[in-house]
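Subject: Structure handover

Hello,

Here is the structure for you to look over. My notes follow below it.

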Amino acid sequence: MSFREAFEETWRTVLTSRTLASTMLLAVVLYAFYYPAPYAHEATQSVPVLVVDQEDSGLTREVLRNLGATREVRIVASVADMPSATARMRAGEADGIILLSRGVTRSLLTGAPGGGVGVWVKAAYLLRASAIGEGVSAAIAGAAENRLGSAARALGLRTPVRVIQEPLFNTGAGYKDYVFPAVASVILQQTLLFGVATFVAGRRERGDPPMRRAAFLGAWAAMTLLGVFAAFFYFGFIFWLQDVPRGGNIPALLVTVPCFAAAVAALGLFLGGLFDRSERAMAVLVPTSVPLFFLTGSAWPLEQMPSWLAALAHLAPSTLAVHIFVPLNQMGAGLNDVAGDAIALAVEALVYGALAAWLLTRASRIARAD
C-alpha cells in the first residue's frame, strides 16, 4: 500500500468506524463543552449572608457598604442578635453570618482585645465559606484604611501596608481560565492517543498484514493531521467560545502544534502495536488520564516533585504541550521562550515515530527477507 492509499484509508477508517469517530472526533467536541461547564461562573459570587452589627459605628457601617459592593457576598438582612441570625441561617435564608462585635474599632486601632469580626458558615459548601472570608477581609481592609488611617497616624501608630493584587494573565481570577487551557492539552493527547492505539490494535485483531514503511508513514501522517485539526479547533475556536484568556502566537503554534500531534500519534501507533485487541488498548490507557494531568505540573509544580518523577513526566507529550501552549496561547510568549520544550517535543516525535515504525513494520521486513 502506498503512502497516499494508507493516508486515505486511515481517514476512511476513522470516519466510518463508530468507535474511532466517537473517540477521536465526537469526544473532542464534547469535552470542549463538558469540562468547562461546571466552572462557567469562574468564581463564587453573591453568597447570601446575614449581618449582626453590635457596634453600629462609622467603621462598621462602612464595612457593610464595602461588603455590599463585593462580588463574593450579598447581604440578605441585618439582624439584631446572634440567636436570631442563627435561626434564620438554619432556616435556609443565608449561607453565613458575619458578626461585627462591640469594640471592633478600638481593637483595630490599638490592637487591644475585646472586639473583632466573626464569621459563621455552613460547612456543606467549603468554596462558599472561602468566598465569604475573602469578601469580609477585603471589606474590613478598605474600611480600616479609610476610617482609621489618619487616626492611627495622629496617634503615632503604624498602619499596615495595603497590598493590591492585579492578576496578569487570568484577569478574572477564575478557575476555568486557569485549569481549562492546561487540561485542553491532556484532552487533545488522550483522545488522539486512544483512537490511534485502538486503530492499530484493531488491525492486529482483524489479522491485517503488517505495514510497509510507506503505509506506516501514510497512517502516521493521517493521524497527525487529525491531531492538528483538533488542536486548532480548541485553540482557535473553543478558547474564544469559552472566553478563556487567549491571543495565541499563531506563527509559533503553526510550528509546535504539528510536533505535538506527530508525537502523540507516534506514541499511539507504538502503544497500539503492543495490544492484540482494540478493547484492551482502551482499557489500559483510559486510567492514565488523571495521572497525566497531575504530571503536567498544573496542579502541583514539577519543581516540587521528586526529580525522577519530574523527568518521567516529560516523556508524556502532554507535559511538554502544557508548558508550550499555555505560554503561547495565554501569556503572550514567543517561540524563543518555549524553544527548549519545543525541541524536546520534536525529539519525542522522532523517537516515538522510530519505535512505532520498528514495531509495526518489523514483520513486513522479515517477510521480505524470507
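First, a quick one: is Phe 216 buried or exposed? Phe 216 is buried, at 2% relative accessible area. Buried here means under 20% relative accessible area, exposed means over 50%, and partly exposed is in between, with a 1.4 Å probe and protein chains only.

Some ground rules. This is a predicted model, in which local features need pLDDT of at least 70 and side-chain atom pairs count only at pLDDT 80 or more, while totals for chains, interfaces and linings use all residues. Residues are numbered from 1 along each chain as its sequence is written, and side-chain values use heavy atoms, with hydrogens and water left out.

**Helices**

Helices are DSSP runs (H or I, at least four residues), numbered from the N terminus. Start with α7, residues 175-206. This helix has 32 residues and reaches 45 Å from first C-alpha to last. That is close to the 46 Å expected at 1.5 Å a residue. The expected span is 1.5 Å times one less than the number of residues.

α7 also has a kink of about 30°, centred on Pro 181. The bend at a residue is the angle between two fitted axes, one for the seven residues ending there and one for the seven starting there. Of the 32 residues in α7, 27 are buried, so the helix is largely enclosed by the rest of the structure. Gly 207 follows α7, with a positive phi near 80°.

Next, α13, residues 317-330. Its 14 residues should span 20 Å at 1.5 Å a residue, and the end C-alpha atoms are 19 Å apart, which agrees. In α13, 13 of the 14 residues are buried, so this helix too is largely enclosed by the rest of the structure. Gly 332 follows α13, and its phi is positive, near 70°.

**Aromatic pairs**

The structure holds 14 aromatic pairs. Rings of Phe, Tyr and Trp (its six-membered ring) pair if their centres lie within 6.5 Å; planes under 30 degrees apart count as stacked, over 60 as edge-to-face, and the rest as tilted.

One of the pairs is Trp 11 with Phe 229. Their centres are 6.3 Å apart, with 55° between the planes, and the pair is tilted. Trp 11 lies in α1 (residues 3-16) and Phe 229 in α8, so the pair ties together parts 218 residues apart in sequence. Phe 229 is partly exposed, at 49% relative accessibility.

Back to Phe 216. Its ring centre lies 5.8 Å from that of Trp 220, and the planes are at 40°, so this pair is tilted. Phe 216 and Trp 220 are four residues apart in α8, which separates them by about one helical turn. Trp 220 counts as buried, at 16% relative accessibility.

Ring pairs link Tyr 35, Phe 180, Phe 233, Tyr 234, Phe 235, Phe 237, Phe 239, Trp 240, Phe 260 and Phe 325.

**Surface patch**

Which residues form the nonpolar patch on the surface? They are Val 29, Phe 33, Phe 237, Trp 240 and Leu 241, with about 460 Å² of accessible area together. Areas come from the Shrake-Rupley method with a 1.4 Å probe; for residues, only the protein chains shown count as cover. Patches take residues with over 30% relative accessible area and no salt bridge; like charges are joined within 9 Å, nonpolar side chains (Val, Leu, Ile, Met, Phe, Trp, Tyr) within 5 Å.

α2 (18-34) and α8 (213-241) each supply at least two of the patch residues. α8 gives the most, with three. Val 29 is found in α2 and is partly exposed, at 35% relative accessibility.

**Salt bridges**

A salt bridge is a side-chain nitrogen of Lys or Arg within 4 Å of a carboxyl oxygen of Asp or Glu. By this rule the count is seven.

Three of them are worth a look:

- Glu 8 and Arg 4: closest N and O atoms 3.1 Å apart. Both lie in α1, four residues apart, about one turn of the helix. Glu 8 is partly exposed at 34%, and Arg 4 is exposed at 61%.
- Asp 208 and Arg 206: 3.0 Å, N to O. Asp 208 is partly exposed at 30%, whereas Arg 206 is exposed at 54%.
- Arg 280 and Asp 276: closest N and O atoms 3.0 Å apart. Arg 280 is partly exposed at 37%, and Asp 276 is partly exposed at 34%.

Best wishes
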